[in-house]
Amino acid sequence: MKIKILYFGIYRDITGKTSEIIDFDGKYLNDLKAYLNKRYSNIMKENVIVSINYVYVEKNIELKENDEIAIMSPVSGG
């Protein structure tokens, strides 16, 4: 399935990309995390924030064709 991945902050620096479309043969978010860890040397740390189609997710949900996944760092304020 084709999915679009958007990279923000440090993840943009690590990948050298703002976004990419990949042909992904996994089924779940954890499969995508493993794929990205292999491709970009453990990019998916515990503190990463993930949204799918503009909704923040914390569970291992099933991905669908044409999903848009955003990878970003947590933000803290003061």
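Is phenylalanine 8 buried, partly exposed or exposed? At 35% relative accessibility, phenylalanine 8 counts as partly exposed, where buried means under 20% relative accessible area, exposed means over 50%, and partly exposed lies in between (1.4 Å probe, protein chains only). The structure described here is a predicted model, in which local features need pLDDT of at least 70 and side-chain atom pairs count only at pLDDT 80 or more, while totals for chains, interfaces and linings use all residues. Residues are numbered from 1 along each chain as its sequence is written, and side-chain values use heavy atoms, with hydrogens and water left out.

**Places along the chain**

- Phenylalanine 8 is found in the loop between strand 1 and helix 1 (10-15), where helices (H or I, at least four residues) and strands (E, at least two) are DSSP runs numbered from the N terminus.
- Although phenylalanine 8 and alanine 70 are 62 residues apart along the chain, their C-alpha atoms are separated by 7.5 Å.
- Isoleucine 3, which belongs to strand 1, is buried with a relative accessible area of 1%.
- From isoleucine 3 to isoleucine 14 the distance is 19 Å, C-alpha to C-alpha, and these two residues are eleven apart in sequence.

**Salt bridges**

- Side chains of opposite charge can pair when their charged atoms come close.
- The structure holds two salt bridges, a salt bridge being a side-chain nitrogen of Lys or Arg within 4 Å of a carboxyl oxygen of Asp or Glu.
- In one of them, the side chain of lysine 17 meets that of glutamate 20, with a distance of 3.1 Å from N to O; lysine 17 is partly exposed at 27% relative accessibility, whereas glutamate 20 is buried at 9%.
- Glutamate 20 also forms a salt bridge with arginine 39, and here the closest N and O atoms are 3.1 Å apart.
- Because glutamate 20 lies in strand 2 and arginine 39 in helix 2 (residues 29-39), this pair ties together parts that are 19 residues apart in sequence.
- Arginine 39 has a relative accessible area of 38% and is therefore partly exposed.
- Through salt bridges that share partners, Lys17, Glu20 and Arg39 are joined into one network.

**Aromatic pairs**

- A pair of aromatic rings is described by the distance of the centres and the angle of the planes.
- Rings of Phe, Tyr and Trp (its six-membered ring) pair if their centres lie within 6.5 Å, and planes under 30 degrees apart count as stacked, over 60 as edge-to-face and the rest as tilted.
- The structure holds two aromatic pairs.
- One of these joins tyrosine 7 and tyrosine 40, whose ring centres are 6.1 Å apart and whose planes stand at 75°, so the pair is edge-to-face.
- This pair links distant parts of the chain, 33 residues apart, since tyrosine 7 is in strand 1 (residues 2-7) and tyrosine 40 is in the loop between helix 2 and strand 3 (49-52).
- Tyrosine 7 and tyrosine 40 are both buried.
- Phenylalanine 24 and tyrosine 35 have ring centres 5.7 Å apart and planes at 70°, so this pair is edge-to-face.
- Phenylalanine 24 lies in the loop between strand 2 and helix 2, and tyrosine 35 in helix 2, so the pair ties together parts that are eleven residues apart in sequence.
- With a relative accessible area of 3%, phenylalanine 24 is buried, while tyrosine 35, at 29%, counts as partly exposed.

**Surface charge**

- Asp23, Asp25, Asp31 and Glu65 gather in a patch of negative charge on the surface; such patches are made of residues with over 30% relative accessible area and no salt bridge, with like charges joined within 9 Å and nonpolar side chains (Val, Leu, Ile, Met, Phe, Trp, Tyr) within 5 Å.
- Aspartate 23, a member of this patch, is found in strand 2 (residues 19-23) and counts as exposed at 59% relative accessibility.

**Positive phi values**

- Most residues other than glycine have a negative phi, and most peptide bonds are trans.
- Serine 41, in the loop between helix 2 and strand 3, has a positive phi near 50° without being a glycine, and serine 41 is exposed with a relative accessible area of 60%.
- Asparagine 66 has a positive phi of about 70° although it is not a glycine.
- Asparagine 66 is found in the loop between strand 4 (55-57) and strand 5 (68-72), and at 59% relative accessibility asparagine 66 counts as exposed.

Conventions
Areas by Shrake-Rupley, 256 points an atom, 1.4 Å probe, with all protein chains shown as cover. Lys, Arg positive; Asp, Glu negative; His and termini not counted. Charge placed at Lys NZ, Arg CZ, Asp CG, Glu CD.
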